[in-house]
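Visitor: Could you walk me through this model, one feature at a time? I would like the general idea and then the case at hand.

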Amino acid sequence: MKISQLGEFGLIRHLTEGLKNRQPSTVYAVGDDAAVLNYDGKRTVVTTDMLLEGIHFNLEYVPLRHLGYKAVAVNVSDVCAMNATPTQITVALGVSARFTVEDLEDFYTGVRAACERYKVDLVGGDTCASMNGLTIAVTCLGVADEKDIVYRNGAKPNDLICVTGNLGSAYLGLQLLERELHVFRSMQHDNLAQAAEQNDAIHEKFEGREYLLERQLRPEARLDVVKALRKAGIKPTAMMDVSDGLSSELFHICTQSKVGCDIYEDKLPIDYQAVALAEEMNLNIVTCALNGGEDYELLFTCDIHDYEKLVPLDDVYIIGHITDAEYAPVEGDAKGTAASVPPSNLRLIPRNGNPMPLTAQGWQAF
Ligand SMILES: [Mg+2]
């Protein structure tokens, strides 16, 4: 169905039909000029992430349903990284004429699934026509008591450095999808049957790799870990989600906390499917784990006295510890702002034991 058949308001009504609010803080959601929220004296956190077709996703292999889910999950992940509870989202879409109502329904199926999974309410947004491609902007709100909020700047020497899940899988999932896309594009498709046959051949190559594809296409925010930490009585001293790669995130925490770190190569959690694919593609798995982005795991530091409470937690791994910064202001940096003075003491301890400097490659969007 053409979007014009429904019109903007008809479309919004159609896409948000039957949504139920789960959060007591949602006073009024979709339907007026703005949503009305009541947080009862708590602190509110707000985060926005934008996803652009051709820059952040490729619809040649990304299903719209997964994209809807991911757009919500990555925002929820940022709220989790503040040690807050996600409560509401807004979704804004720029949609070109090539998308139908059914396409948007598909996208919203993913959005709704994520809302259900993370118990957030969809309370507003915007849907516009755009010249080309698909633009997605999701904003997520969350709440926390002031004393519970965790920033990036609280890490101190001797703190343990922890990461959840495993690292590098999403990056390897992307490499696999990109490789097979190039294979598919380079093939001759004389007829539909031939294209379908080649498509089947590619799907065979995905067998046994489903986990990596899932990590790339449909990542989860680690709200479960935020809850588990709270239950165990652990408040991290600093926290971030791993969206740009572990090295890059460590760099942020160390810079803002004015500390250094030692990370142990043999402690990095890595999935066996990731190891196998990295080998096949001649990629260094440690580099993938350190610099591949989009894992959406949590990276946090906590006091060494929390060690006993930390060990029984599921899917949380201690990968190193915080050290002194050897923090030296750079010449010409009159103000000495934390952001402009990199710490000099970020180290990776490889299996052979000779420390090497950890370099933040990260994801360069520009
Ligand atoms: Mg983040």
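Guide: Let's begin with burial at N83. A residue is called buried if 20 or more other C-beta atoms lie within 10 Å of its own, exposed if 12 or fewer, and partly exposed in between, with C-beta atoms placed from the backbone. N83 has 22 C-beta neighbours inside 10 Å, so it counts as buried. This is a predicted model, in which local features need pLDDT of at least 70, side-chain atom pairs count only at pLDDT 80 or more, and totals for chains, interfaces and linings use all residues. Residues are numbered from 1 along each chain as its sequence is written.

Visitor: Where is N83 found?

Guide: N83 sits in the loop between α2 and β4 (85-95). Helices (H or I, at least four residues) and strands (E, at least two) are DSSP runs, numbered from the N terminus.

Visitor: How should I read the phi of N83?

Guide: Most residues other than glycine have a negative phi, and most peptide bonds are trans. N83 is not a glycine, yet its phi is positive, about 65 degrees. D40 is another residue other than glycine with a positive phi, near 55 degrees.

Visitor: Is D40 buried or exposed?

Guide: D40 has 7 other C-beta atoms within 10 Å, so it is exposed. D40 lies in the loop between β2 (36-37) and β3 (43-52).

Visitor: Next, the core. How many residues does the largest nonpolar core have?

Guide: In soluble globular proteins, nonpolar side chains tend to be buried together. A nonpolar core here is a set of buried Ala, Val, Leu, Ile, Met, Phe, Trp, Tyr and Cys residues joined through C-beta atoms within 7 Å. The largest one has 91 residues, and V72, V76 and L250 have the most contacts inside it. Helix α2 (residues 64-80) supplies the largest share of this core, 10 residues. At least three residues of the core come from each of domain 1 (3-147) and domain 2 (160-173 + 218-357).

Visitor: Which residues is V72 in contact with?

Guide: Two residues are in contact if their C-beta atoms, placed from the backbone, lie within 7 Å. Apart from neighbours within four places in sequence, V72 is in contact with I89, V111, A114, C115 and V138.

Visitor: How far apart are the C-alpha centres of the two domains?

Guide: The domain bounds come from an automatic or database domain assignment. The C-alpha centres of domain 1 and domain 2 are 29 Å apart. Their contact involves 13 residues from domain 1 and 14 residues from domain 2. On the domain 1 side, α2 gives the most, with nine residues. By class, that side has eight nonpolar, three polar and two charged residues. The classes put Ala, Val, Leu, Ile, Met, Phe, Trp, Tyr, Cys and Pro as nonpolar, Asp, Glu, Lys and Arg as charged, and the others, Gly among them, as polar.

Visitor: What does C140 touch?

Guide: C140 is in strand β6 (residues 134-144), and it counts as buried because it has 27 C-beta neighbours inside 10 Å. Leaving aside neighbours within four places in sequence, its contacts include T47, N75, V76 and D78.

Visitor: Where is T47 found?

Guide: T47 is in strand β3. With 19 C-beta neighbours inside 10 Å, T47 counts as partly exposed. Not counting residues up to four places away in sequence, T47 touches N75, D78, V79 and C140. The C-alpha atoms of T47 and T139 are separated by 5.6 Å, although these residues are 92 residues apart along the chain.

Visitor: Now the helices. At what angle do α4 and α6 pack?

Guide: Two packed helices are described by the angle between their axes and the distance between the axes. Axes are lines fitted to C-alpha atoms, for helices over the stretch in contact, and angles run from 0 to 180 degrees between N-to-C directions. Helix α4 (residues 169-186) and helix α6 (residues 210-217) pack at about 100 degrees, with axes 7 Å apart. That makes α4 roughly perpendicular to α6; angles under 35 degrees count as roughly parallel, over 145 as roughly antiparallel, 65 to 115 as roughly perpendicular and the rest as oblique.

Visitor: Which residues of α4 and α6 meet?

Guide: From α4, S169, A170, L172, G173, L174, L176 and L177 meet Y211, L212, L213, R215 and Q216 of α6. These contact residues divide into eight nonpolar, three polar and one charged. L174 counts as buried, with 20 C-beta neighbours inside 10 Å.
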